[in-house]
Amino acid sequence: MAVIYILMTDPQVERYDNFDNGETTYVFDRLASGGPRRLLEGPVCVFVDWVLEDLSGLEMCRRLRADSRTGDAHITMVLESCDAENKRRALAAGADDYVLGPIDRTSVLDRVLALGSGRVAQASTRPFRLGDLEIDMPALQARWKDQPIPLRPNEFRLLRFFAENADRVLGRSELIDGLGKQDPPIDERTVDVWIGRLRRALRQVGVGDPIRTVRSLGYVYDSH
C-alpha cells in the first residue's frame, strides 16, 4: 500500500487517525522544529503554522527546504489572516501554497486529496551524506568512503534514521515509531538485535562503532 505523509506543526495532529483511501494510506505526524520524527519513504505534505512556539513559520519553511528529507515536500502555510504581505512572505520563504486557519483533519485531507498524487512531492531521493557516510535511498544502499555496507532492509532503514538524527539519543520506542514498526507491535528488545547487526556491518567496512549505548535511555549515533 502506498503512503503519503502529512506533517503538521499544530500539536492537535497527534489526535488525528491515519486515513485509508483505496490503495493509499495518509499518515499524520507532528512536525517539531528539529524536523521529521520518522522516516519519510513516500510523498510528503507539510502544514506549517504562521506562529510557532520556538520559531516563526517562515523560518520553519526555510528549514524544510534546506533539509534533504523535506526539500521537495509540498508545503502549505497556515495563515492567521488574509494579509497580502504575509502571503507573499510565505511563498518567498518556500511555501507552495497558503490557507487561512484554523484547519482540522477533514480540511487537511480535503486539500491533500485535491492536490492529487501528481502534485504531491516525493520524499527526497537525493543521497544523504554525513561525513564519510552516504545513504542512497532509491538504491537502498549505504556506503562508507564509497565502499558498500552490506545491510538488510531493517538495518538500512535503521542506519538512515540514526544518520538523520545524529548526535541525539533515541530510545527503543522512538526508534520503533520512527521506522513505522508500531503495527503489528514488536518487542523493544528486537531493536537491540537490529543494532547488533548494524554494528557488525559497520565494523566490517571499517567504520568502527559510531552507535553508542546510553544506559537506561537508548542509543545515539555519534557523527564525530
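Guide: Two strands are said to pair if DSSP finds at least two bridges between them. The model under discussion is predicted.

Visitor: In which sense do strand β7 and β8 pair?

Guide: Strand β7 covers residues 128-130, and β8 covers residues 133-136. Pairing requires at least two bridges, and β7 and β8 are joined over 3 bridges. Their sense is antiparallel.

Visitor: Which residue in the hairpin of β7 and β8 takes a positive phi?

Guide: This hairpin has 2 residues between the strands. Within the pairing, F128 stands opposite I135 of β8. The positive phi, near 65°, belongs to G131.

Visitor: How many bridges join β8 to strand β9?

Guide: Strand β9 comprises residues 141-144 and runs antiparallel to β8. I135 stands opposite A142 in β9. A hairpin with 4 residues between the strands is formed by β8 and β9, and L140 in its turn has a positive phi of about 50°. The number of bridges joining β8 to β9 is 4.

Visitor: Are the residues on the two sides of strand β8 buried or exposed?

Guide: A residue counts as buried under 20% relative accessible area. On one side of β8 lie L133 and I135, and on the other lie E134 and D136. Both faces of the strand are covered, and these four residues are all buried.

Visitor: What distance does helix α6 reach from its first C-alpha to its last?

Guide: Helix α6 has 16 residues, numbered 189-204. At 1.5 Å a residue, the expected value is 22 Å.

Visitor: Around the axis of α6, what arc do its buried residues cover?

Guide: The buried residues of α6 are V191, W194, I195, L198, R199, A201 and L202. They lie on the same side of α6, because the arc they cover around the axis is only 165°.

Visitor: Which residues are exposed on the other side of α6?

Guide: The buried residues of α6 pack against several elements, among them α4 (153-164) and β11 (211-214). After the helix comes G206, with a positive phi near 85°. Exposed on the other side of α6 are R189, R200 and Q204.

Visitor: Against which elements do the buried residues of α1 pack?

Guide: In helix α1, residues 57-66, the buried residues are G57, L58, M60, C61 and L64. Seen down the axis of α1, they fall within an arc of 160° and therefore line one face of the helix. They pack against β4 (44-49), β5 (74-79) and α2 (84-92).

Technical notes. Residues numbered from 1 in each chain as written. Predicted model: local features only at pLDDT ≥ 70, side-chain atom pairs only at ≥ 80, totals over all residues. Heavy atoms only, no water. Buried < 20%, exposed > 50% of the residue type's maximum accessible area, 1.4 Å probe, protein only. Expected span 1.5 Å × (residues − 1). Arc of directions from axis to C-beta. Contact = heavy atoms within 4.5 Å.
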